[in-house]
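Subject: Structure for your review

Dear colleague,

Please find the structure below, together with its sequence. My notes on what was found in it follow.

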Amino acid sequence: MSLLMCPARISAKPAPGYLVPGMLECVSISGKPINDLQGNTVGVTIPLKRAGRLFLLEGTIDNMIGNFILDTGASGLVLNQTYFRNAIAVDDEEAGGVTGSTASVERINVKRLLISDLVYTNMPADVTPLGHLENRRGVKILGLFGMSLLKNLEMVIDLRNNELQIFRLDRTGNRLGPPSPVVKYDIIQKIGEFHSIMFVKATIGGKVLDFCLDTGAESNVLSITAHKNVLGTVTITRRSGLNGVGQDRGEVLFGTLNEFSMGNRQMVPMETILCSLTAMSRKYGCPIDGMLGYDFFAKGKIYINLVKKEMGICLKPEENK
């Protein structure tokens, strides 16, 4: 598959752009290009729409227009079975969710995907039921936009301004073109990658834990089987149902995570869910202690550099205490 980042607007015939091994073809939904001093496009600013605590990107896939959830907890492109019922399956597998449920997944090949100025051609995609997300949020969701679609790039998630910036990188992970305006990041942390999923370490209750970075999670999640010192930092507030993959629901505990540090920085308490992560660990192929979702990404401007395997957080003033 291949990725094309078109300068300026996109038309039915792609303008000359940049090819990166890996991803789908074109229409006219455009972000704001980020240019260097010579006028070369080195990145793009894409508007982020909100549906509750979900971050949506408007896109076109095989001439169908709709929304894609920005989901760093998904390894690649995942399509909503509602709109791809007649797709030809290549193989079958199962998806796991935080409720412990599973749903069937089919894999198909997609000819063309456009997200703002990002054009993807000839790429594989999973197909699974996502109707419960549409019904709950009342928006058309074509699928999930996962991490492998941003391979070899840097993304900056800025929820305060409701935008996503994508930057092209050289082989060492530096942005192309002259340096951007200096942003002081309060936390800079190395991240790990496994099967195109990003993981980061954080400390709770004196224990170092492995968290998945998941913009598709509407809340932070902590494993119910975590060490007692970890669970002791959570104030339980209520018990409720939660939608999982497919149409299944499970019961989970909601609470406030009172202790969370990354690097040497203690962060302000965040809302979290306590539940089993056995199914998610099995899906990812490695054990995870938790997932950092909306409450984490809402703390400030966050960059994720997929070449340097690094992330940074510029905390909002009210978080920078």
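Two strands are said to pair if DSSP finds at least two bridges between them. Strands (E, at least two residues) and helices (H or I, at least four residues) are DSSP runs, numbered from the N terminus. The model is predicted, so local features need pLDDT of at least 70 and side-chain atom pairs count only at pLDDT 80 or more, whereas totals for chains, interfaces and linings use all residues. Residues are numbered from 1 along each chain as its sequence is written, and side-chain values use heavy atoms, with hydrogens and water left out.

Strand E5 (residues 49-51) pairs with E6 in the antiparallel sense over three bridges, and Leu54 in E6 is the bridge partner of Ala51. These two strands form a hairpin with two residues between them, and Gly52 in the turn has a positive phi of about 65°. E6 also pairs with E7, again in the antiparallel sense, over six bridges. That hairpin too has two residues between the strands, with Asp62 at a positive phi near 45°. Strand E6 (residues 54-61) is largely enclosed by the rest of the structure, because seven of its eight residues are buried (under 20% relative accessible area; exposed means over 50%, partly exposed in between; 1.4 Å probe, protein chains only).

Asn67 deserves a separate paragraph. This residue is found in strand E7 (residues 64-70), where Glu58 stands opposite Asn67. Asn67 is buried, with a relative accessible area of 8%. Leaving aside neighbours within four places in sequence, Asn67 is in contact (heavy atoms within 4.5 Å) with residues including Lys49, Leu56, Glu58, Val139 and Lys140. The side chain of Asn67 reaches the backbone oxygen of Lys140 at 3.0 Å. The C-alpha atoms of Asn67 and Ile115 are separated by 9.4 Å, although the two residues are 48 residues apart along the chain.

Lastly, the nonpolar cores. A nonpolar core is a set of buried Ala, Val, Leu, Ile, Met, Phe, Trp, Tyr and Cys residues joined through side-chain atoms within 4.5 Å. The largest one has 61 residues, of which Leu77, Leu79, Leu213, Phe260 and Phe296 touch the most other members. Strand E11 (residues 118-128) supplies the largest share of this core, five residues. A second, separate core of 14 residues includes Ile197, Cys212, Val252 and Cys286. Beyond four places in sequence, the contacts of Leu79 include Ile61, Phe68, Val110 and Leu142.

Yours sincerely

Methods
A polar contact is a pair of N or O atoms within 3.5 Å; within protein, one must be able to donate a hydrogen and the other to accept it, and residues adjacent in sequence count only if both atoms are side-chain atoms.
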